[in-house]
Amino acid sequence: MIDDLKVLNRQNTMIYKSESVTSLKTSYRSVKLEISESEYDKILRILRLSKDSIDMDQLVEDKVDLKLLKLLFTQGSIFFFNKADDIEKYFNKKWFSIVKQYLPPDIDLKTCLKRITKTKYYIRKELDDQMPRIRIFFQKYGIDLQLVNNNIIRDSDIILTMDRFDSNRNTLLIQNHRMGIVGTSLKDILYEELQIRDKRIVNLFAPLYILIFTIKIVYGMENDTFFFNEVGKFSEYQLAKNRINVISTSQAPIEIQELKTKVERIEVFEKSKVLDKVSLSIANHTSNYANMNQSGFATYGIVDKKNISVPYVLASTSFEEAALHTIRFSLKSQLESLNGGTWLVSDINDYYLNKILILIEDLEEEGKILKLSDELLLKNHVYNSYQNIFPEVSIYINYFPETNSYKVYLMDVQKNFLSHGNKVFSFNDELESLLMNYLLYLSNSDIKYNSPYNFDHKIDFLNYDVVSELPNQVEEKDFIENALKLFKQLDIRYDELVWDREFELKEVGVLCRRIDVGSYDK
């Protein structure tokens with residue numbers, strides 16, 4: 001078999017040696033190896049001799065050479081191909097450098113090159129008018145990209161377009177995504193209409209990546225969508241219409257903006273297409289929400305379209321707060337149900353604080369159980385306003401001094417504990433929300449609805465201190481800085497991914513991020 005194969009250096013590898021460790025890096029992966037000096041020299045020899053392709057049997061002197069060839073192939077540093085395939089005839093093609101550097105190592109090189117050669121490439125005039133450098137780059141790499149106005153192209157050919165309703169079968173649709181662009185070969189992944197006039201970096205550099213990605217999808221790569229942001233960061237994904245797709249935070253920077261009023265934000269959400277993406281709709285007379293008692297407090301209802309009888313409902317002293325809280329909770333619940341993991345769904349202004357609160361859930365820290373004195377409870381304006389309605393209740397706190405955070409519980413007369421069970425920064429805000437949603441429960445205990453507050457919690461209430469004042473709450477800035485120090489000490493790390501439809505919630509002022517927390521060896 002060795003006699004039939006040739007080896008080609010893809011010229012995409014950085015290799016450097018530091019003491020006993022050799023590092024190999026390509027666009028596919030990086031690896032650190034502990035190899036001998038002779039093995040290091042053999043790697044350099046293989047890469048040097050295969051620059052213009054070479055018969056494999058001329059490279060293999062022993063089993064070590066075979067092992068290193070396999071390593072370099074897996075790393076994406078070299079191609080193997082059959083001598084009979086006559087691959088060398090493509091070496092003088094300008095576009096071959098793209099195949100050599102950017103396509104995966106395990107492709108069928110012969111089939112790939114045939115498809116690229118036989119495919120015809122077209123571009124719509126509207127896209128060419130906005131991004132004329134696309135044709136310049138195609139021509140630079142020896143690929144004829146023709147302007148086309150009609151729809152009659154072969155299924156085996158490809159058309160670059162910005163028309164979201166282009167009727168051709170094989171398209172690369174270029175659209176806006178935030179401050180950058182997105183290109184997709186999928187018909188049903190729609191973002192925003194392309195508008196590129198003021199995007200200098202995108203105009204200059206995105207056309208090359210459009211060429212590279214076009215070649216990839218002509219071959220039939222699994223990834224069907226790329227993103228290119230306003231500072232030149234390129235990334236590609238395999239997306240799907242009926243799935244919660246997540247992308248890198250580099251493609252979704254947090255944009256500082258002046259938020260609309262709360263009422264306007266709610267109205268934007270109610271009209272948003274994003275509701276369909278997560279199977280949500282605003283609650284109406286067909287759900288249990290219409291039968292709920294809402295006297296004396298404000299509520300807002302949202303339903304899962306697959307289970308409209310059980311609404312998402314939260315209560316507050318104001319309609320706007322109830323609505324925004326319910327919006328965030330329903331989105332979080334649906335995203336976690338559809339995609340898995342832990343989701344941060346937060347007002348943009350509270351993003352850093354709420355991300356810290358998710359991360360500190362993973363810290364193992366001793367809490368101290370406190371019980372609010374009756375005098376301190378009476379100072380709370382919600383309890384004071386509704387104390388004639390409340391049956392006998394007690395408020396317990398699990399206080400975590402290491403992070404200065406709280407878990408807050410309401411114990412009813414049956415000694416059941418109501419809480420959402422998560423750590424919070426502001427005790428007073430949480431107590432108000434807890435009391436209001438207990439009122440909601442009392443008024444609707446016979447109706448099924450979804451709420452973050454439930455009675456599934458247990459605490460050791462036999463061992464507690466009664467307090468007439470709470471521990472001093474630190475400033476938010478100090479709270480965050482302290483948590484960051486703890487994360488560093490305990491090597492707590494996380495990956496953050498963004499829902500690709502998050503941009504549709506910009507005017508709602510809400511961010512949707514999946515947070516994957518872990519601890520890794522240094």
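**Reading a predicted model, step by step**

Reply: Leaving aside its neighbours within four places in sequence, Thr-22 is in contact with Ile-15, Tyr-16, Lys-17, Val-31, Lys-32, Leu-33, Ile-35 and Tyr-40. Contact here means heavy atoms within 4.5 Å. Before we go on, note that this is a predicted model, in which local features need pLDDT of at least 70 and side-chain atom pairs count only at pLDDT 80 or more, while totals for chains, interfaces and linings use all residues. Residues are numbered from 1 along each chain as its sequence is written, and side-chain values use heavy atoms, with hydrogens and water left out.

Me: Where is Thr-22 placed, and is Thr-22 buried or exposed?

Reply: Thr-22 belongs to strand 3, residues 21–25. Helices (H or I, at least four residues) and strands (E, at least two) are DSSP runs, numbered from the N terminus. Buried means under 20% relative accessible area, exposed over 50%, and partly exposed in between (1.4 Å probe, protein chains only). Thr-22 counts as buried because its relative accessibility is 0%.

Me: What does Leu-59 contact, leaving aside its neighbours within four places in sequence?

Reply: Leu-59 touches Val-7, Arg-45, Ile-46, Leu-49, Ile-54, Asp-65 and Leu-69. Leu-59 is placed in helix 2, residues 56–59, and at 0% relative accessibility it is buried.

Me: Which class does Gly-232 fall in: buried, partly exposed or exposed?

Reply: Gly-232 is partly exposed, because its relative accessible area is 26%. You will find Gly-232 in the loop between strand 12 (225–228) and strand 13 (234–237). From Gly-232 to Leu-204 there are 28 residues in sequence and 9.3 Å in space, C-alpha to C-alpha.

Me: How should I read a phi angle?

Reply: Start from the general rule: most residues other than glycine have a negative phi, and most peptide bonds are trans. Now the cases here. Arg-178 has a positive phi, near 55°, and is not a glycine. Arg-178 sits in the loop between strand 10 (171–177) and strand 11 (180–184). Ser-279 also has a positive phi, about 60°, although it is not a glycine. Ser-279 is found in the loop between helix 10 (274–277) and strand 15 (280–282). Arg-178 counts as buried at 14% relative accessibility, and Ser-279 is buried with a relative accessible area of 14%.

Me: How do I describe two packed helices?

Reply: Two packed helices are described by the angle between their axes and the distance between the axes. Axes are lines fitted to C-alpha atoms, for helices over the stretch in contact, and angles run from 0 to 180 degrees between N-to-C directions. Take helix 7 (residues 133–140) and helix 8 (residues 200–219): their axes come within 8 Å and cross at roughly 55°. Angles under 35 degrees count as roughly parallel, over 145 as roughly antiparallel, 65 to 115 as roughly perpendicular and the rest as oblique. Helix 7 and helix 8 are therefore oblique to each other.

Me: What is the handedness of the crossing of helix 7 and helix 8, and which residues make the contact?

Reply: A crossing is left-handed if the near helix is turned anticlockwise from the far one by less than a right angle, and right-handed if clockwise. Helix 7 passes helix 8 in a right-handed crossing. Helix 7 brings Arg-133, Ile-134, Phe-137 and Phe-138 to the contact, and helix 8 brings Asn-203, Leu-204, Pro-207, Leu-208, Ile-210, Leu-211 and Thr-214. To sort residues by class, Ala, Val, Leu, Ile, Met, Phe, Trp, Tyr, Cys and Pro count as nonpolar, Asp, Glu, Lys and Arg as charged, and the others, Gly among them, as polar. This contact of helix 7 with helix 8 has eight nonpolar, two polar and one charged residues.

Me: How do helix 12 and helix 16 cross?

Reply: Helix 12 (residues 351–360) and helix 16 (residues 476–490) have axes that come within 10 Å and cross at roughly 40°. Their crossing is left-handed.

Me: How many disulfides are in the whole structure?

Reply: A disulfide is a pair of cysteine sulfur atoms within 2.5 Å. A search of the whole structure finds zero of them. Cys-112 is buried, at a relative accessible area of 0%, and Cys-512 counts as buried at 0% relative accessibility.
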